[in-house]
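This report describes one protein chain from its coordinates. The sequence and structure come first, and the description follows.

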Amino acid sequence: MNSQKPIINKREKMRNPIHKRLENLESWQHLTFMACLCERMAPNFALFCQMTEQDQAEKTYHNILNLVWEFLTVKGAKINFENQLEKLEEIIPDVNDYGFFGVVPALDACEALGELLHAIIAGETLEKAIQISQISLGTVCSLLETQEDRDLSETELKSREEIEEELDLQWQIYRLLKDCEKRDVDLILSLRNEIKQEGISNIGIKIEQ
């Protein structure tokens with residue numbers, strides 16, 4: 001499939017009511033929400049790397065994401081996230097270099113992880129949580145519109161099972177986080193492990209470990 005069509009910004013096509021609710025969360029909860037969505041998008045980037053024989057890029061992505069989880073769960077962890085952002089920027093694919101759809105979800109996965117790193121560095125966690133929520137939803141929209149080879153309205157998108165599943169998952173993560181009054185390392189680790197063990201991305205990609 002030609003990769004150019006879906007790159008038009010799909011993220012503004014759908015209103016997501018979770019964004020207003022995210023205002024109720026603390027910074028650590030925003031970061032955990034973002035990390036969960038990035039972990040779920042990771043198979044999209046992994047598949048792209050396998051298809052294009054970029055093993056080191058796949059390792060770099062996972063290493064950076066693992067450091068985020070360490071930051072969230074290990075008290076006093078000292079990590080240079082500016083340095084990690086530089087490493088991420090080196091592996092972001094250029095959509096113009098590839099003629100297949102897989103580059104789009106791979107780029108989205110990198111952009112989401114970049115926003116997460118910026119959130120940690122600058123402390124703007126609410127804004128970035130909303131952006132990553134939209135990025136993940138936008139990946140699903142792009143896949144559906146590429147499969148149909150046409151633009152879909154918000155009403156059409158909302159009726160799709162894939163969109164419902166994405167929204168449901170974001171709400172599920174939010175609900176688990178909002179019930180915690182203080183940082184719960186066990187909850188953070190359980191969310192991470194559940195997403196990693198399921199191993200299925202927001203667009204149904206599964207990578208065998």
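## Charge and basis of the model

How many positive and negative side chains does the protein chain have, and how far apart do the centres of the two sets lie? There are 23 positive and 38 negative side chains, with the two centres 4 Å apart. Lys and Arg count as positive and Asp and Glu as negative, while His and the chain ends are not counted. Each charge is placed at NZ of Lys, CZ of Arg, CG of Asp or CD of Glu.

The model is predicted: local features need pLDDT of at least 70, side-chain atom pairs count only at pLDDT 80 or more, and totals for chains, interfaces and linings use all residues. Residues are numbered from 1 along each chain as its sequence is written, and side-chain values use heavy atoms, with hydrogens and water left out.

## Overall fold

The protein chain contains nine helices and zero strands (helices are DSSP runs of H or I with at least four residues, strands runs of E with at least two, numbered from the N terminus). The radius of gyration is 16 Å, close to the 17 Å of the globule rule for 209 residues, so the protein chain is as compact as a globular protein of that length. That radius is taken over C-alpha atoms, and the rule is 2.2 Å times the number of residues to the power 0.38. Along the principal axes, the C-alpha trace spans about 45 × 40 × 30 Å.

Of the 209 residues, 52% are buried (under 20% relative accessible area; exposed is over 50% and partly exposed in between, with a 1.4 Å probe and protein chains only). The accessible surface comes to about 10,500 Å², and carbon and sulfur atoms hold 46% of it; the areas come from the Shrake-Rupley method with a 1.4 Å probe, and for residues only the protein chains shown count as cover. Among contacts (heavy atoms within 4.5 Å) with a separation of 6 or more, 76% join residues 24 or more positions apart.

## Aromatic pairs

The whole structure holds seven aromatic pairs. Rings of Phe, Tyr and Trp (its six-membered ring) pair if their centres lie within 6.5 Å; planes under 30 degrees apart are stacked, over 60 edge-to-face and the rest tilted. For F45 and F48, the ring centres are 6.3 Å apart and the planes meet at 35 degrees, so this pair is tilted. Both residues belong to helix α2 (residues 27-51), three residues apart, about one turn of the helix, and both are buried.

Y98 and F100 form an edge-to-face pair, because their planes stand at 80 degrees, with centres 6.1 Å apart. Y98 is partly exposed at 22% relative accessible area, and F100 is also partly exposed, at 22%. Ring pairs join F45, F48, Y61, Y98 and F100 into a cluster.

## Individual residues

T60 is part of helix α3 (residues 55-73) and is buried at 14% relative accessibility. Beyond residues up to four places away in sequence, T60 touches K87 and I91. K128 lies in helix α6 (residues 125-148) and is buried as well, with a relative accessible area of 13%. Its contacts, neighbours within four places left aside, are M34, E115, H118 and A119.

R21 sits in helix α1 (residues 18-21) and is partly exposed at 42%. Leaving out residues up to four places away, R21 touches W171 and Y174. From R21 to F71 the C-alpha distance is 24 Å, across 50 residues of sequence.
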